[in-house]
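Thanks for coming. Please look at the structure on the screen while I talk about pairs of charged side chains.

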Amino acid sequence: MKLWQDKVRKVVPYTPGEQPNRPSMIKLNTNENPYPPAPGVRSLLDHFDEDRLRLYPDPACRNLNQTLADYYHVSEDMVFTGVGSDDVLSVAFLTFFNSDKPIFFPDITYSFYPVWADVYRIPYETKPVDENFRIVKEDYFGGSGGIVFPNPNAPTSYYENLSFVEDIVKNNPDVVVVVDEAYIDFAGPSAIELIPEYDNLLVVQTFSKSRSMAGMRIGYAIGQPALIKAMNDVKYSINSYTMNQTSLVLGVEAVKDEAYFKQCVEKIKATRSWTANELRKLGFKFNEPGANFIFASHPDYKASDLFAALREKDIYVRYFSLPRIDNYLRITIGTDEQMQTLIEFLKNYMK
Ligand SMILES: *Cc1c(COP(=O)(O)O)cnc(C)c1O
C-alpha cells in the first residue's frame, strides 16, 4: 500500500439505476418521464446558435432563475439552480449541515442522503418509517443538526400533506429543513407556499421527472433570500459556472409551456391509476402512490424473482436489496402501452 492511499477520501458511492439503452426495452427503473420535453425545447435545439458555446454561461443563471421565480410567485433572490437536484441537494448539505449534532432523515428514503453525509463528514441518524412506510413526524421535533426528507418519499411514493411538513419545519426553528420535492408535481401542494412564513425551509425540485429533462440536468431550490445567498456563496467557492448554456436556455423554454407540462403530468397520473388498479387485481400490495412510480410487493412472489423475470423480457424496474424493502419493486409509470405490456407479462407469469 502506497502512503498516499492512506490520505485518499474514502466513500461508498451512490449506485444510480442502470441506464441500458435499447430501443426495444421498457425502461421503468429510474423514474424518467416517458414523454418528450415541451415542443418549444425541440425547436430551440434546432435553432441553437453554437457561437454561444464559445462564451461562459451566466454564472448567476438570471433568466432561468427569473423564469422559475415568476412561475412560483417568488423573487429571483429566492431561487438557486444547479446541475440536477442532486447538485442542489449536495450544495445544501455542504452549506447548512455543519453541526456536531446529527442530521435526521428516514431509514427508507433516497439513498443519496447517507452518501453526501459521508463525503462531507456530516454525522447523521436515520429515523425508521412506520410499518406503513410513513414518516413519523414527531421523531424530527428537535435534537438534530438539520433535516432532509423527500415528499413524496422515495422509494415509498408516500405523499404527506402540507400541515405534516409544516409541523416538522415549525418544530425546528434553529436548523434548516430541506424538503426534496422531486415528485411533487404528481402529488399535491408544494411546501413552497410555506416559505414566506419560515426562514429555515428550503424546497428542492427538479426538471428530471415531471418536466421530462433528466438528460439536461436542471434542479433548483427555493427558500428565503438568506438561505439562497448562503448556497450561492458555497457554489461560488467551488464552481461558478455550473449550468451550461443549453440547459439555461432550454430550461426557460420548458417552464414557459405550462399547458404541455400539465397535460403530461395528467396523462401520467391517469396511467398510474390504471396501473395501480391492475396491480391490485393481481394481488400486489402498496400504498396510494403519490409519485410517478408505484412501490409494490406481492405476498406470493419474491420481488427479486419478479425483477429478474421482467429483466429477462427487457422490462427494467428497480429492485433494492436493502433491509425492510427487499421484497418490493419500484415501478416507474411509463406510457399506457408500456404499462399494458408489463401487466400482460405479470398476468402470464402468475398464471
Ligand atoms: C430523482 C431524484 C433526485 C435527483 O434528481 P436530479 O435528476 O438530480 O434532479 C433527487 N431526489 C429524489 C428523491 C429523487 O428521486
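This is a predicted model: local features need pLDDT of at least 70, side-chain atom pairs count only at pLDDT 80 or more; totals for chains, interfaces and linings use all residues.

Residues are numbered from 1 along each chain as its sequence is written, and side-chain values use heavy atoms, with hydrogens and water left out.

Side chains of opposite charge can pair when their charged atoms come close. A salt bridge here is a side-chain nitrogen of Lys or Arg within 4 Å of a carboxyl oxygen of Asp or Glu. By that rule there are 18 salt bridges.

Start with K27 and E32. Their closest N and O atoms are 2.8 Å apart. E32 is partly exposed, at 26% relative accessible area. On that scale, buried means under 20%, exposed means over 50%, and partly exposed lies in between, with a 1.4 Å probe and protein chains only.

Next, K170 pairs with D167 at 3.9 Å, N to O. Both sit in helix α6, residues 162-170, and are 3 residues apart, about one helical turn. Helices are DSSP runs of H or I with at least four residues, numbered from the N terminus. K170 is partly exposed, at 45%.

Last, K281 and E278 form a salt bridge at 3.0 Å, N to O. Both belong to helix α9, residues 258-281, again 3 residues apart, about one turn. Is E278 buried or exposed? E278 is buried, at 9%, while K281 is exposed, at 61%. Salt bridges with shared partners join E278, K281, E344 and K347 into one network.

Notes. Helices (H or I, at least four residues) and strands (E, at least two) are DSSP runs, numbered from the N terminus.
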